[in-house]
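Dear colleague,

Please find below the structure that I am handing over to you. A summary of the findings follows it.

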Amino acid sequence: MSLSHRFHLVDVFAEEPYAGNQLAVFHDTADLSTAEMQALTREMNYSESTFIESTTPPDDRYEVRIFDPAEELQFAGHPTIGTAYVVREFLRDDAPDELTLSLGVGDISVTVESEGEDDRYWVHQIPPSFETTLDHAHAAEMLGLSLDDIDDRYPVELVSTGLPTLVVPLRSLDAAQRAETQADPYSRYLVEPHGNVNLLVFTPETEGDTDLHVRVFADAGGIPEDPATGSSNGCLAAYLVAHRYFDTDEVSVTVEQGLEMGRPSLLHLRANESEEGITVSVGGRVQPVAEGRLL
């Protein structure tokens, strides 16, 4: 393993360090094998790690691979944003406000919007697909909730913008805080028929000044709960528009996540529907934490 491999640790969707979702970003990793990347991700014990093949790609298109402790992922939101941040802040002096990352799902664009001294990074996700709906009673059973806790005005639906997520609408903040995945029904109703997908619950009741309170469970991926998930919130943004949750075909909302874990996160969601379909973007700030080299 080359001594030249550097890495950065960052917190994504974080207003300050030691909040949001952690990420390790490794540089110049073309000579690392898949097994080495997977082993490093497990060693870091982060929700995900990313590996940039070359920090000087000839066409400004960065080849990036994403791993969680269990497997390689084709797409994930916070690793995409965090990687773009590291490229722009640490690897290039002339980085543009729009970067292209080549991931398993294809080329993904990340843009930067400046707000005073702060930058907000936006990942523009692939068009969503709406794959299937699940019974409300099954969702309640998976989460250890009563059927009355589920908002039956809207479906429980599996949505994907590259990483599938089951979206479950809840009636109250209390229900969201009580939610806890139950192993047997979670496996029976979600994992066995649909594989490694996230489970997102949301409610318009919040603890702060945000529009929605969100929790995301990823037991099938070895992560009981995630403090901030760009891919799943992208699925939520598409869901909100598709089902006119706010009585409009265009949404721009803020989401609080990670509060139950002591990792407060703030995400910004944009989505709109037109004749061409639904477009989705998820944005947030990134905070640097540490950097180093592999031994």
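**Salt bridges and overall form**

R88 counts as buried, at 15% relative accessibility (buried means under 20% relative accessible area, exposed over 50%, and partly exposed in between, with a 1.4 Å probe and protein chains only). Please note that this is a predicted model, in which local features need pLDDT of at least 70 and side-chain atom pairs count only at pLDDT 80 or more, while totals for chains, interfaces and linings use all residues. Residues are numbered from 1 along each chain as its sequence is written, and side-chain values use heavy atoms, with hydrogens and water left out.

The side chain of R88 meets that of D97 in a salt bridge, at 2.6 Å from N to O (a salt bridge is a side-chain nitrogen of Lys or Arg within 4 Å of a carboxyl oxygen of Asp or Glu). D97 is partly exposed, at 44% relative accessibility. Both residues belong to a network of salt bridges that links R88, E89, D97 and D119. Over the whole structure, the search finds 21 salt bridges.

Another salt bridge joins R263 and D11, at 3.2 Å from N to O. This pair links distant parts of the chain, 252 residues apart: R263 lies in the loop between β15 (250–257) and β16 (265–274), and D11 in strand β1 (residues 6–12). R263 is buried at 15% relative accessibility, and D11 is buried at 3%.

E141 and R188 also form a salt bridge, their closest N and O atoms being 3.2 Å apart. Here helix α3 (residues 136–143), which holds E141, is linked to helix α5 (residues 183–194), which holds R188; the two residues are 47 apart. E141 is partly exposed, with a relative accessible area of 34%, and R188 is likewise partly exposed, at 40%.

As to the chain as a whole, there are six helices and 18 strands (DSSP runs numbered from the N terminus: H or I of at least four residues for helices, E of at least two for strands). Buried residues make up 55% of its 295 residues. The C-alpha atoms fill a box of roughly 55 × 40 × 35 Å along the principal axes.

Yours sincerely
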